[in-house]
Amino acid sequence: MKPTITLNAIALVVALGFTSCGKQTGTSQAERTANAVASYVAPGEKDEYYLFYSGGHSGQVYVAGIPSLRHISTIPVFAPYPATGYGFDEESKKMLGDFSWGDVHHPALSQTNSKYDGRWLFVNDNANNRIARIDLHDFKTHQILGPIPNSIGNHGSSFITENSEYILCATRFSVPLPKGRVADPKDYEKEFNGMVSGIKVDPKTGEMKVGWQILTPPFDWDLGSTGKGPSSGWAFWTSYNTEMAHDTLEVNSTQKDRDLAAVVNWRAAEKAVAEGKAEMMDGVPIIDPAKVPGVLYFVPIGKSPHGMDVDPTGKWIVAGGKLQPATTVLNFEKVQAAINNKTFEGEFRGVPILKYEAVVEGEVPVGLGPLHTQYDGKGNAYTSMFIDSCIVKWKLPPWTDEEKKDLTKVVLDKVPAHFSTGHLVVAGSDTAQPYGKWCVAMNKLSAGRHINVGPSQPESSQLIDISGEKMKMIAEAYTEPEPHFAQILKVTDVQPTEVYPKDENKDPNAVWEKAQSSVTRNGNQVVAKLMAIRSRFNPDRIDAQVGDELTVHVTNVEQTRDMIHGFGLIEHNINMVMDPGETKTFHIKLTKPGVFPFYCTNFCSALHQEMQGYLVVWKPGEGPSGASGAVGGTK
Ligand SMILES: [Cu+2]
């Protein structure tokens, strides 16, 4: 069961650009027509599924439709986004804190009983150790938690438990802990640590808080997933760099034939914390797995793995060893038996290592560079192949004796993808009941498969029909960098609001009628309460003076779908956008005299262009009411 291909051989294959799946062959006119019809959503018709892409270092989430693959919307999360005014009003500015970017990797839809419940979408920030919650009630970011204490490089997340009890996260990087402690990277093994974090989710509101953490050796934790059914209460992550190298990782972290995956009993962790078996570090209860047996186990796994994906039945856990030409299938029953019978092949820092042969069901020779595996709920697995640039369909166990003797027999189909497929998503794969039908390959390189846009090239995503025995490549689309994973949700499984009802607007500064709108002064504090309605602001003049602190609340009083207003203030870096029924607030210190127009930035009507007003910033002592001047103009 030893890997049969060396790193050097793989490097050579990569250098030569060889792909065993070959190029996509020409399609006949009849096939082209059939594929076009399969993804065609006629004008006025709608898609059947949402595709929520992680936006990588854009810090955003993109929403596309399936089967059209059309980009429909961008949900800003970790970066300001003027198009929706995100990061300009006080509430979203506060959520972003000191950061203006994030690195969104793995979105996770909330689940109830291992099924999507259409409530929330959680995404992680690898760069600044955060988790965000998007409410599907309005497709907006409502909470950003973090930076999470004792966590550096929050890459191995967001993995949600079967009833959304926790978002589970593991660290990509290790540092001396707690954060702020300094040690020489040469002392990496001794001084550095990684962490698994359990982020508790309030079942009613979705509000997140850090629950507990498990201290780990300084391995680089990678992708993971959570258990369900028989593996309920467990979670799994791959790792690379079990060599614990601190420099030249390309070479030094790929020395061993196998790395170690983590098998975490998160219910045991929760119990241990409740029983007071944790020690506090930076305000968080930390479990040392050497002192609390039963929380963490290791399993040897194919070299430098990436994905670690539990199938819909919860019985099989598939690891993709990117430097091993096979996926490793673990049998959870065998994992349980090995734990109960102490079938260990050693331990590392007090954590038992389960004996590989005792827990593995088989190594499926899928090809080169298997990264990430998804499932259709019909007993099939789909693995993205980074080096082979294709998607491989293969059969999950149970296998026949004949298949067990030669696992090439369970490899059912391959379809070329372009190019260097990183992740893939099958609709509903991480639930107990996948929708199946569609798979999207998220390719790392588009390599000019589009009209020339210069050197800054997009990523390509390809839609594959997996409803039949053979996979069919249907369509291709592009996104900005960089989808690392996605979630697919059936449109009928969520009912977002399109208007905020007036009755539900609890903002104390909301104004709904001309008579309520105002500009008032208290010392150097000037407060304006504006109403936005087609096609004017009321009032449309704010007077203040240099040195004032100006607070502006704008309420969009519309109760009609798609009637959105903006508030852009010239030369002050302000652009709020108010959806129907929404109130937003900004606060600035006025530092320069002048007359600064403000205007509606979001097209709203035939007289949208006329929707404007003036902020008049007088020099101290000047203005309509002298030094105390603060008036709301024409009402
Ligand atoms: Cu407007």
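Predicted model: local features only at pLDDT ≥ 70, side-chain atom pairs only at ≥ 80, totals over all residues.

Colleague: Which protein atoms are the donors of the copper ion?

Modeller: One looks for N, O and S atoms within 2.8 Å of the metal. Here the donors are ND1 of His-565, SG of Cys-600, SG of Cys-604 and SD of Met-611, at 2.1 to 2.7 Å from the copper ion.

Colleague: What is the geometry of the site of the copper ion?

Modeller: Four donors count as tetrahedral if all angles lie between 85 and 135 degrees. The angles among the four donor atoms of the copper ion are 92 to 127°, and the site is tetrahedral.

Colleague: How are the donor residues spaced in sequence?

Modeller: Their pattern is H-x34-C-x3-C-x6-M. His-565 and Cys-604 link distant parts of the chain, 39 residues apart: His-565 belongs to strand E39, whereas Cys-604 sits in the loop between strands E42 and E43.

Colleague: Are His-565 and Cys-604 buried or exposed?

Modeller: Buried means under 20% relative accessible area. His-565 has 0% and is therefore buried; Cys-604, at 5%, also counts as buried.

Colleague: Where is Asn-575 placed, and what does its side chain reach?

Modeller: Asn-575 lies in strand E40, residues 574-578, and is buried at 13% relative accessible area. Its side chain reaches the backbone oxygen of Pro-82 at 2.8 Å, and a polar contact of 2.9 Å joins it to the side chain of Thr-601. Beyond its neighbours within four places in sequence, Asn-575 has contacts that include Gly-85, Phe-88 and Phe-567.

Notes. Residues numbered from 1 in each chain as written. Heavy atoms only, no water. Donors = N, O, S within 2.8 Å, 3.2 Å for Na, K, Ca; no water. Tetrahedral: all angles 85-135°; square planar, octahedral: opposite > 155°, others 65-115°. Helix = DSSP H or I, 4+ residues; strand = E, 2+ residues; numbered from the N terminus. Buried < 20%, exposed > 50% of the residue type's maximum accessible area, 1.4 Å probe, protein only. Polar contact = N/O pair within 3.5 Å; in protein donor to acceptor, adjacent residues only side chain to side chain. Contact = heavy atoms within 4.5 Å.
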